[in-house]
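Have a look at the model below.

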Number of protein chains: 4
Amino acid sequence: MLRIALFGAGRIGRMHARNLAAHPRVELAGIYDVNSAASAEVAREAGTQPSRSIGALLGDRSIDAVLIASSTDTHCTLMEHAVRARKAVLCEKPIHLDINRVDACGKVVEASRMPVQIGFNRRFDPSHSALRDAVIEGEIGRIEQAVITSRDPAPPALDYLRVSGGIFRDMAIHDFDMARFLFGEEPVEVSAMGGVMVDQRIGGIGDFDTVMAVLRMESGALCHINGSRRCAYGYDQRIELFGDGGMLVSENPAATHLVRHTARATSARDRLHHFFIERYAESYVREIDAFVDAVEAGVVPSPSFEDGRRALLAANAAVESAASGRTVRVAP
Amino acid sequence: MLRIALFGAGRIGRMHARNLAAHPRVELAGIYDVNSAASAEVAREAGTQPSRSIGALLGDRSIDAVLIASSTDTHCTLMEHAVRARKAVLCEKPIHLDINRVDACGKVVEASRMPVQIGFNRRFDPSHSALRDAVIEGEIGRIEQAVITSRDPAPPALDYLRVSGGIFRDMAIHDFDMARFLFGEEPVEVSAMGGVMVDQRIGGIGDFDTVMAVLRMESGALCHINGSRRCAYGYDQRIELFGDGGMLVSENPAATHLVRHTARATSARDRLHHFFIERYAESYVREIDAFVDAVEAGVVPSPSFEDGRRALLAANAAVESAASGRTVRVAP
Amino acid sequence: MLRIALFGAGRIGRMHARNLAAHPRVELAGIYDVNSAASAEVAREAGTQPSRSIGALLGDRSIDAVLIASSTDTHCTLMEHAVRARKAVLCEKPIHLDINRVDACGKVVEASRMPVQIGFNRRFDPSHSALRDAVIEGEIGRIEQAVITSRDPAPPALDYLRVSGGIFRDMAIHDFDMARFLFGEEPVEVSAMGGVMVDQRIGGIGDFDTVMAVLRMESGALCHINGSRRCAYGYDQRIELFGDGGMLVSENPAATHLVRHTARATSARDRLHHFFIERYAESYVREIDAFVDAVEAGVVPSPSFEDGRRALLAANAAVESAASGRTVRVAP
Amino acid sequence: MLRIALFGAGRIGRMHARNLAAHPRVELAGIYDVNSAASAEVAREAGTQPSRSIGALLGDRSIDAVLIASSTDTHCTLMEHAVRARKAVLCEKPIHLDINRVDACGKVVEASRMPVQIGFNRRFDPSHSALRDAVIEGEIGRIEQAVITSRDPAPPALDYLRVSGGIFRDMAIHDFDMARFLFGEEPVEVSAMGGVMVDQRIGGIGDFDTVMAVLRMESGALCHINGSRRCAYGYDQRIELFGDGGMLVSENPAATHLVRHTARATSARDRLHHFFIERYAESYVREIDAFVDAVEAGVVPSPSFEDGRRALLAANAAVESAASGRTVRVAP
């Protein structure tokens, strides 16, 4: 059994608490959140104890690892403390919004030689990972184009958006990671455009709610990403890979396999899942599996710290491109 | 060019007139209908002449063939006159409602040695005929089960139903033919049930509007047919063949390839075609192609007179089974 | 926490052990199987103890309920012992192959007033139950036809088939239950045909491997069921309901949402699940939820003992119809 | 009857000849091609006469209109001669590769006040035009994003590519037109990337075979276009429109509605159409309908000369952007 402590008892922390508690090879060893009421409630639900301090958890020798699901600005500091305390780390994305802070943290992580995994959960979605497997098997030959669609059901609160780092770093970072994961290579340049179509207040704080980007990969292949902060029909998450031998598409799952045929709508599938908690439920469970496997086997977890860093570099290039109207090279 | 005269200027006659007129290897040589106004109108639309009499058309040596699309009770008499006048015949289904009349007519046809094709147009539907081709290619091995679904959008007028011969002989006869066509073998016994779910007046005239049948084929394979006189979502025509190597399904075509994703209905395809004129438009054109091909090549057309007769025998067995509650052997 | 003991450590027993162990409101209180090695292995996997005897489990006052997943011939006896020992019962289907034995057992159950649920797990499948909900909501109005497709990937061993009660009582009994569940009414008559297309040895022991049946329901609606012991493309489980307002279809789930487009096959979905353990995984979990809910709330569980009995009556009518070639009334 | 002469007897000219000959309101009044053998053969097939000279056709007062399907470099000259000879014109796309030549031609067309339609046939595809209708009906509200996919089955000959004007002007010009058509507004800026993934010889002549572009429309909406000169699974032509009320997708039609379920591939639809002649067959017929309607009614045909000009301006911006790595404003 791997004893794991959880930092963060917000929406995503609560979900992780449930998954850690139910995992056959994990013991949830405590929960900390600055909001002690939230921490207490989630701990009770998950059948564990809230902790009064970060230090108490990190100082507990019986704890093997921590899952960091607190706010983004705390990720690097917690990760540094954790690896110094000899804990393995599973940290939510993004690592941090500032690449300099990421690089500084990366040095601490590297020096510690502790295993660190970044929470790009979508890599563990059964369909997306089957897509990657099919690419590796050569089912469609060499990949030439990709189209990644990412549309959230509704924008988060403006207060969140103000500190989110912007749509490219906060939301599309998943898609930049997915491009790297699926192609198995780096983006070399990015061209991006952003617009404000959903809510003018989002434009008012200097952010976009509607974006499109094109990445050129090392092989010369092109990858399109589109994103929106609002989607009337649910959480729209699709990936299309086009190769010289065909096309693979990871389609949206419907809530059930019920199909309706009426005078109004023929062959209508059931609604999509509402949002990531439902849509990617299985991926979050498999993400913990992978982390436990890596820690137990003593191998480097994947996606790694470097994966988290490189996704941010691509997002940064997109931010710069959208501002300048130029294609921007991704920093190495 | 094959010169073809048309008998019948009703809904289906009008469609045939249009197809004959547009066919590159056919010259529409005249139209006759007891309703001379209808005849005149359809002739004008199709750029040909109405004829004052059947005899005038049959006596015209320049006419090679006739297409019989008049009411069912006139089919046998017209066919007999036509083959005696050395015209090839394409006759709408069913040949006649009375098997004795069919057999008498069959003798005249046989004696004449003239080519006669029966209008089981669905055999020429691109998807249904691709299904048959795939069976012949052995794509799913030996066929073990079939499910044939046939649902009309709305019941015809009661006046029509009174003389229709009942749902098995009038409507399901297409499906009995399809079973014979797809399996390439004869049904040996039929079990059928009928109900009145759509309109009690249909029950009042001794007919059903909702039917299910199971056929046992010579090979032992089983074939289910279901039918309804009313379907809220359009004309529902599907065929499923199950073999030891897999399943083939001829699905419903949608009116267009537009798919809608809204909060109300996800992945909703466009509506189905309303009814047979739209749904089977292409099959009616290809049916004429096949007839012209056969006549020009001097080979026996298919589906043949015997195909028309055997579909009626299966329908008769279904009628008897639905009345008696017993599985009934199909007369040879 | 409900303390539940498990009888049976075969394939399905092992799955139940896993689900009981993982259930947040259940404590798996022991496992018994005549095969003590199997019992020990499953108990170890599930983190519980094997029991040396049925009596030890039934005599344990701390145990609230039993899940009976042993061979069919033991169901009634175990159920009678269990209810007399004041245990609630969740019993796998079918209750027994002999309706007289079922009726005798039913009297014991009734007298005990203990809650008994029968394992028609498919009622708890998310898509099938959404189908039932949509019917209740009136989405397609009054139901007029149903088509239920049930095809297993491969036949079980002949030794199993010899004692299975035949395909109608062993396999199609799920479909008879589904018809009753979805229509919310009883079948009044059944017409069935059976064939041997998959394996002649199955015919040699007097059973069928390929069946079709039509049920007439109390309302007059018709329901078709087809079944096969072998299916090349996986476990095929579909339900189609046709009403005056439209059609609802519970489609097969694919293993993932990956879709392939190649020169060989366009828009090919991922393979189907192999068999019931994978396909109905979620239904088995939800079945236990429902049982725990009912026992905790002190209400009659559903599907009830009577549901198990009535499905057997329909299966018996099908057996008789397939033998006699007559439509058979379902005993009340 | 509108008497129409045809210029060009290549692949697309031959198809137009067939459609003109079969059109109920058109008389095909002659065919001219520099290759007199091709001209003679197509004329024979279509039941008309080849013409020895352009002048003979343009000088024929009985001819109302011309369809220009000759090589791109001849379009402007023929169009100018035709409108001066008082013929209505239906001209294949693109008008010309040089915007200055287009503008000069535009002045002649405008001065003549003759009706001129440009052959953006895809606007007449039943699914694409239903998509436009649904947008106009407000089915998905305000459009915020579009994804247009255009992949040809195989690259044309290098000799053709050398004079084609490049992939943006030759192939993607259809997609630029489609963006304008579907949004009902102009693109204001374009960012494009090109790559050579299919055939290095295409790169050798300074062209791309794999492209992606993003357009910003006047409303701020973003439109992605991707294109490839080669597609293993057939001619891939899809359009996705995303609005605040949902998403509309014009999907690829399959060759038939046959769906295969085997151990290898589940729910595999039939292959796509091979290329534009098959895929857009109906659009070419409806394009002629629209032209005849406009000429008969004396209204300006659509898509107009100006539509042809504006699509070229967008293509030119893409060419410049792909070369410079900058987002380029579309000339007004």
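In chain D, D:Glu240 has D:Val249 of S11(D) as its bridge partner. Strands here are DSSP runs of E with at least two residues, helices are runs of H or I with at least four, and both are numbered from the N terminus. S10(D) and S11(D) are antiparallel and share 5 bridges. Two strands count as paired if DSSP finds at least two bridges between them. A hairpin of 2 residues links S10(D) to S11(D).

S10(D) also pairs with S6(D), again antiparallel, through 8 bridges. There, D:Gln145 sits opposite D:Phe242 of S10(D).

## Confidence and numbering

This is a predicted model: local features need pLDDT of at least 70, side-chain atom pairs count only at pLDDT 80 or more, and totals for chains, interfaces and linings use all residues. Residues are numbered from 1 along each chain as its sequence is written, while chains are lettered from A and ligands numbered from 1 in the order in which they are written.

Chain A has a mean pLDDT of 96, and 100% of its residues reach 70 or more. pLDDT is the predictor's confidence in each residue, from 0 to 100. For the complex, the predictor gives an ipTM of 0.96 and a pTM of 0.96.

## How the chains meet

In the contact, 28 residues of chain D meet 28 residues of chain A. Contact means that C-beta atoms, placed from the backbone, lie within 7 Å. Strands S6, S7, S8, S9 and S11 of chain D each give two or more residues to this side. 100% of the interface residues of chain D are also interface residues in chain A, so the copies meet through the same surface.

## Two domains in chain A

Chain A is divided into domain 1 (2-114) and domain 2 (123-283 + 310-329). The bounds come from an automatic or database domain assignment. The domain centres, taken over C-alpha atoms, are 27 Å apart. Their contact takes 7 residues from domain 1 and 8 residues from domain 2.

## Backbone details

Most residues other than glycine have a negative phi, and most peptide bonds are trans. What kind of peptide bond joins A:Lys93 and A:Pro94? The bond is cis, with omega about -15°. A:Pro94 is in the loop between strand S4 and helix H5 of chain A. Another cis bond joins A:Ser302 and A:Pro303, with omega about 0°.

D:Ser267 is not a glycine, yet its phi is positive, about 55°. This residue lies in the loop between strands S12 and S13 of chain D. D:Ser267 is buried, with 22 other C-beta atoms within 10 Å.

Technical notes: Contact = placed C-beta atoms within 7 Å. Buried ≥ 20, exposed ≤ 12 C-beta atoms within 10 Å, placed from the backbone.
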